[in-house]
Amino acid sequence: MNMAKDPICGMNVNEKTAKIKSEYMGKTYYFCNQACKTTFDKNPMRYAGEQEKHSGHSCDCGCR
Ligand SMILES: [Zn+2]
């Protein structure tokens with residue numbers, strides 16, 4: 001089982017069942033919620049590669 005991390009809120013997402021995903025710079029990112037994907041797509045540079053940091057958290061999907 002492959003778990004990916006939602007770069008927006010840090011929640012674990014199952015890659016097998018995740019339907020909400022986005023590709024950026026050749027990498028696939030998975031999201032728990034459409035709101036997280038929208039946030040990522042608006043500013044992918046800010047979140048890509050910053051999965052360990054949670055400053056500027058702006059997830060509004062209620063999954064925190
Ligand atoms: Zn999320």
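Two strands pair if DSSP finds at least two bridges between them. Helices (H or I, at least four residues) and strands (E, at least two) are DSSP runs, numbered from the N terminus. This is a predicted model: local features need pLDDT of at least 70, side-chain atom pairs count only at pLDDT 80 or more, and totals for chains, interfaces and linings use all residues. Residues are numbered from 1 along each chain as its sequence is written.

**View 1. The hairpin of S3 and S4.** Strands S3 and S4 form a hairpin with two residues between them. Their pairing is antiparallel and runs over four bridges. Glu23 has Thr28 in S4 as its bridge partner.

View 2. Met25 sits in the loop between strand S3 (21-24) and strand S4 (27-30). Its phi is positive, about 55°, although Met25 is not a glycine. Is Met25 buried or exposed? A residue is buried if 20 or more other C-beta atoms lie within 10 Å of its own, exposed if 12 or fewer, and partly exposed in between; C-beta atoms are placed from the backbone. Met25 has 9 other C-beta atoms within 10 Å, so Met25 is exposed. The C-alpha atoms of Met25 and Pro44 are separated by 9.5 Å, and these residues are 19 apart along the chain.

**View 3. The whole fold.** The protein has two helices and four strands. Along the sequence they follow the pattern β-β-β-β-α-α. Of the 64 residues, 22% count as buried. Two residues are in contact if their C-beta atoms, placed from the backbone, lie within 7 Å. Take the contacts between residues at least 6 apart in sequence: 43% of them join residues at least 24 apart.

**View 4. The largest nonpolar core.** A nonpolar core is a set of buried Ala, Val, Leu, Ile, Met, Phe, Trp, Tyr and Cys residues joined through C-beta atoms within 7 Å. Which residues make up the largest nonpolar core? There are 10: Ile8, Cys9, Val13, Tyr29, Tyr30, Phe31, Cys32, Cys36, Phe40 and Tyr47. S4 and helix H1 (34-42) each supply at least two residues of this core. In soluble globular proteins, nonpolar side chains tend to be buried together.

**View 5. Val13 in strand S2.** Val13 belongs to strand S2 (residues 12-14). Val13 counts as buried because 24 C-beta neighbours lie inside 10 Å. Leaving out residues up to four places away in sequence, Val13 touches Met3, Ala4, Asp6, Ala18, Tyr30, Phe31 and Cys32. The C-alpha atoms of Val13 and Asn2 are separated by 8.5 Å, and the two residues are 11 apart along the chain.

**View 6. The two sides of H1.** Cys36, Thr39 and Phe40 are the buried residues of H1. They cover an arc of only 100° around the axis, so they lie on the same side of H1. The arc is that of the directions from the helix axis to the C-beta atoms. Gln34 and Lys42, on the other side of H1, are exposed. The cover over the buried residues of H1 includes S3, S4 and helix H2 (44-47).

**View 7. Confidence along the chain.** pLDDT is the predictor's confidence in each residue, from 0 to 100. The mean pLDDT of the protein is 83, and 75% of its residues reach 70 or more. Among the elements, H1 has the highest mean (96) and H2 the lowest (89). Over residues 51-55, pLDDT stays under 50. For this stretch the model has three contacts beyond four places in sequence.
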